[in-house]
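Subject: Structure handover

Hi,

Here is the structure I promised to pass on. My notes follow below it.

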Amino acid sequence: MVHTCPWEPRGRRPTDTSRCRPLPASALRIGILHSRWNAPIISALLDGTRGALLAAGVLPHNIVAQSVPGSYELPYAAQRMYAASQTSSSASSLVSAATDLLMSSGGEAAATGDAAQGAGQQGPLDAIVAIGVLIKGSTMHFEYICDSVSHGLMRVQLDTGCPVIFGVLTCLTEDQAYTRAGMKGRGGSAGEGAGEAGLVGKQSFQVSDGEGGGLGDAALTYGERGHNHGEDWGKAAVEMGVKRREWNEGRFID
Ligand code: DLZ
């Protein structure tokens, strides 16, 4: 049966028809980077992002999360996080090479097997989601941080070639941020789009990175859920991660 890929040049038949399917999300390694300001909102956005990644098929052990103090730190951290993933990937290649050498020379393959397997899960990140919540105050701080973070993250993705998803909410009010994290505004006031439905429960949030940094429990009231933008960011990371890999191989998919 003739099987042509949509991204193969017209009239050309692929030699390997299994390559006609785009890379599965289970092959991706995704970084999540988040700030710790406005922790309850960050926590909800993290849940949304992580949920979308898992729903798309990204494996839990292929999601690497790191936190930074505030949004201003996101561009630097995204750049370093990507560099670290490249380093760990070449370190794991070295382990694999050493393992191969040992095995071919009849060495203790069993002893190094675990290391090689663990290292096999390493690799350069396919995409990074940078999450932050900036809320306008009474000074110009907000404008400066929004400007540098958005330009900084753009620069990181163009410089490194690793897609960086812009998961930064730049809100004029706290309620705007709650709504965009799929939450209802504090004190029961409905944020934009959150609807006027009655409260459906209380939940306690904590960003669980174990690093402290001023995070604490925050009891928040929920109403009808608004749209959690973290879900969009997770999906965007998968799409860009897959496309980047396919583009690197000279293929176009959609
Ligand atoms: C200083 C500051 C302020 C005022 N507001 C926010 C904010 O709303 N969201 C956020 O993520 N970070 C904020 N920060 C912290 C800065 O991003 C940064 O961490 C510090 O200026 C230290 O570089």
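In which strand does glycine 167 lie? Glycine 167 lies in strand 4, residues 164-171. Strands here are DSSP runs of E, at least two residues long, and helices are runs of H or I of at least four, both numbered from the N terminus.

Two caveats first. This is a predicted model: local features need pLDDT of at least 70, side-chain atom pairs count only at pLDDT 80 or more, and totals for chains, interfaces and linings use all residues. Residues are numbered from 1 along each chain as its sequence is written.

**Glycine 167**

Glycine 167 counts as buried because it has 29 C-beta neighbours inside 10 Å. The cut-offs: a residue is buried with 20 or more other C-beta atoms within 10 Å of its own, exposed with 12 or fewer, and partly exposed in between, with C-beta atoms placed from the backbone. Leaving out residues up to four places away in sequence, glycine 167 touches Leu45, Thr49, Val129, Ala130, Ile131, Gly230 and Trp233. A contact means C-beta atoms, placed from the backbone, within 7 Å. Isoleucine 32 is 135 residues away from glycine 167 in sequence, yet their C-alpha atoms are 9.7 Å apart.

**Overall fold**

The protein chain has six helices and six strands. Their order along the sequence is β-α-β-α-α-β-α-β-α-β-β-α. Of the 254 residues, 35% are buried. Take the contacts between residues at least 6 apart in sequence: 74% of them join residues at least 24 apart.

**Strand pairing**

Strands count as paired if DSSP finds at least two bridges between them. Strand 1 (residues 30-35) runs parallel to strand 2 (residues 63-68), with six bridges. Within that pair, glycine 31 is bridged to valine 64. Strand 1 also pairs with strand 3, again parallel, over five bridges. There, isoleucine 30 has alanine 127 as its bridge partner. Strand 3 pairs with strand 4 in the parallel sense over eight bridges. Valine 129 stands opposite isoleucine 165 of strand 4.

Why is strand 3 described as largely enclosed by the rest of the structure? Because eight of its nine residues are buried.

**Helix 1 and the crossovers**

Helix 1 covers residues 39-56, and at 1.5 Å a residue its 18 residues should span 26 Å. The expected span is 1.5 Å times one less than the number of residues. The end C-alpha atoms of helix 1 are 25 Å apart, which agrees. Helix 1 is mostly covered, with 13 of its 18 residues buried. Glycine 57 follows helix 1 and has a positive phi, near 110°.

Strand 1, helix 1 and strand 2 form a right-handed β-α-β unit. Strand 3, helix 4 and strand 4 form a right-handed β-α-β unit too. Right-handed means that, with the strands pointing away from the viewer, the path from the first strand over the helix to the second runs clockwise.

**Ligand shell**

The ligand has 15 residues around it, and the closest are Ser35, Trp37, Gly70, Ser71 and Tyr72. A residue counts as near if its C-beta atom, placed from the backbone, lies within 6 Å. Strand 3 (127-135) and helix 4 (141-160) each supply at least two shell residues. The largest share, four residues, comes from strand 3. By class, the shell has seven nonpolar, seven polar and one charged residues. Nonpolar covers Ala, Val, Leu, Ile, Met, Phe, Trp, Tyr, Cys and Pro; charged covers Asp, Glu, Lys and Arg; the others, Gly among them, count as polar.

Best regards

Methods. Contact = placed C-beta atoms within 7 Å.
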